[in-house]
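Trainee: I have a structure to read and would like to go through it one feature at a time. Please give me the general idea, then the case at hand.

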Amino acid sequence: MGMSAGYYLARAGVRTLLIDAFDPPHREGSHHGEPRLIRHAYSGHPVYTDMAIRAHELWNEVEDLTETHLLVQSGVLNITDPDLYSLSERIVGAAKHGVITEKLDAAEMRRRWPGLDIPEHFEAMYEPAAGYLRSEACIRAYRALALSYGAELLTNTAVTGITARKGSVIIHTRNGKYHGSGAILTAGAWFSTLAPFVSLPVRAVRKVVGWFETSTPDFQTGRFPGFTLNTQEGGYYGFPDIGGAGLKIGRHDTGRDWKPGSPVLPFGSLREDEGELRSVLEKYMPGAAGRLTKGAVCKYELSPDENFIIDRHPQYPNILVAGGFSGHGFKFSSVVGEICSQLVMDGQPQHDIRPFALSRFERQAPPEPSFA
């Protein structure tokens with residue numbers, strides 16, 4: 001989100017400084033281990049669908065500007081046990097926004113994608129225009145664009161503190177202090193390191209993903225879509241076998257808390273790292289439950305309701321905070337960057353971001369299911 005915002009600010013002629021504790025793209029945040037799903041039919045507030053449509057437009061624009069292939073329209077198949085979760089709201093909401101979806105029964109899923117072993121009572125929503133993003137290539141593309149418009153980037157520069165007053169801000173780092181008229185804070189799972197200047201109700205969680213060897217071409221890219229899977233075993237998401245890397249799968253729910261700055265247990269440290277992923281593949285996609293070819297660890301930044309936080313600092317309106325993207329935010333990073341850049345320039349974004357206000361946590365509601 002920060003790299004995207006930096007580009008849109010620099011393109012607008014704003015003198016822009018980007019500061020990163022590492023050297024993006026890197027493995028210390030929530031963006032590595034590409035790809036990431038992009039879909040448009042969302043449950044919950046309709047602003048998500050509005051933003052997803054705009055995000056797709058912006059990704060296409062970045063592709064054109066950088067002559068880089070970032071978005072693969074593989075389709076996304078959302079499979080669910082209807083005893084746990086109904087797709088009706090998402091299908092109705094999609095239709096209102098002109099998003100094409102198909103409701104499929106288990107027999108039709110198995111006919112189209114023979115690698116699936118889906119129980120008879122399961123159903124699905126298929127979104128043919130959805131797909132996945134090459135996340136690390138997306139970061140590199142926005143980085144190149146921001147720098148081409150004159151933005152400056154400080155890498156391997158950790159922020160140690162922030163002081164502010166109306167109309168100005170000082171960012172303190174190990175390499176010196178930097179002054180500006182405003183700031184956008186997009187610290188992801190590292191937000192707690194910015195306390196007490198800003199305290200977001202964001203929980204950092206260790207998450208794992210695995211790539212598994214497939215025994216049939218049914219799971220190869222071009223034949224198999226991106227997917228989500230909502231079952232008694234939990235909520236999962238994944239991608240086809242791209243270039244022989246194996247089918248990628250991760251679990252959206254559960255995970256272990258992580259304290260920023262502390263070591264992250266590598267993949268395989270816990271029995272469930274591979275075990276949970278393999279067991280769900282063996283049950284629903286047995287032809288993709290082969291040898292583990294690779295495992296990776298990343299970090300979620302979970303808000304209490306798993307919805308985004310995009311708001312002005314409670315005391316300093318010239319400072320924006322954007323976080324709590326809860327494992328389903330990457331697809332939106334293009335449009336979130338656009339929104340943040342507009343707000344910090346005192347513009348008015350075209351999207352209703354009131355659902356992302358910090359004040360909502362005073363009246364917390366239970367989370368709705370969402371997938372990466």
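Mentor: Begin with a pair of strands: β9 pairs with β10 (residues 168-173) in the antiparallel sense over six bridges. Strands (E, at least two residues) and helices (H or I, at least four) are DSSP runs, numbered from the N terminus, and two strands pair if DSSP finds at least two bridges between them. In this pair, I162 stands opposite I171 of β10. This is a predicted model, where local features need pLDDT of at least 70, side-chain atom pairs count only at pLDDT 80 or more, and totals for chains, interfaces and linings use all residues. Residues are numbered from 1 along each chain as its sequence is written, and side-chain values use heavy atoms, with hydrogens and water left out.

Trainee: In what order do the strands of the sheet with β9 and β10 run?

Mentor: The order is β9-β10-β11, in an open sheet of three strands with antiparallel pairing. β9 (159-165) and β11 (176-180) are at the edges with a single partner strand each, so one side of each has no neighbour in the sheet. From one strand to the next the twist averages 15 degrees; axes are lines fitted to C-alpha atoms, for helices over the stretch in contact, and angles run from 0 to 180 degrees between N-to-C directions.

Trainee: How do I check the length of helix α6?

Mentor: The expected span is 1.5 Å times one less than the number of residues. For the 14 residues of α6 (residues 271-284) that gives 20 Å, and the end C-alpha atoms are 20 Å apart, which agrees.

Trainee: Which residues of α6 are buried?

Mentor: Buried means under 20% relative accessible area, exposed over 50%, and partly exposed in between (1.4 Å probe, protein chains only). An α-helix has 3.6 residues a turn, so residues three or four places apart point the same way. In α6 the buried residues are D273, L277, R278, V280, L281 and Y284. They cover an arc of only 165 degrees around the axis, which puts them on the same side of α6; the arc is that of the directions from the helix axis to the C-beta atoms. Among the elements they pack against are β13 (203-212) and β18 (292-302), where contact means heavy atoms within 4.5 Å.

Trainee: How many of the residues of α7 are buried?

Mentor: In α7, 10 of the 12 residues are buried, so this helix is largely enclosed by the rest of the structure. Its buried residues pack against several elements, including α1 (2-11), α2 (47-66) and α5 (135-148). One of the buried residues is C340.

Trainee: How many disulfides does the structure hold?

Mentor: A disulfide is a covalent bond between the sulfur atoms of two cysteines. The test is a pair of cysteine sulfur atoms within 2.5 Å, and the structure holds zero disulfides. The sulfur of C138 is 16 Å from the closest cysteine sulfur, in C298, too far for a bond. C340 is in no disulfide either, as the nearest cysteine sulfur, that of C138, is 17 Å away.

Trainee: Where are the cis peptide bonds of P25 and P196 found?

Mentor: One joins P24 and P25, with omega about 0 degrees, and P25 is in the loop between β1 (17-19) and β2. Another runs from A195 to P196 with omega near 5 degrees, and P196 lies in the loop between β12 and β13.

Trainee: Is N156 buried or exposed?

Mentor: N156 counts as exposed, at 52% relative accessibility. Its phi is near 50 degrees, a positive value in a residue other than glycine.
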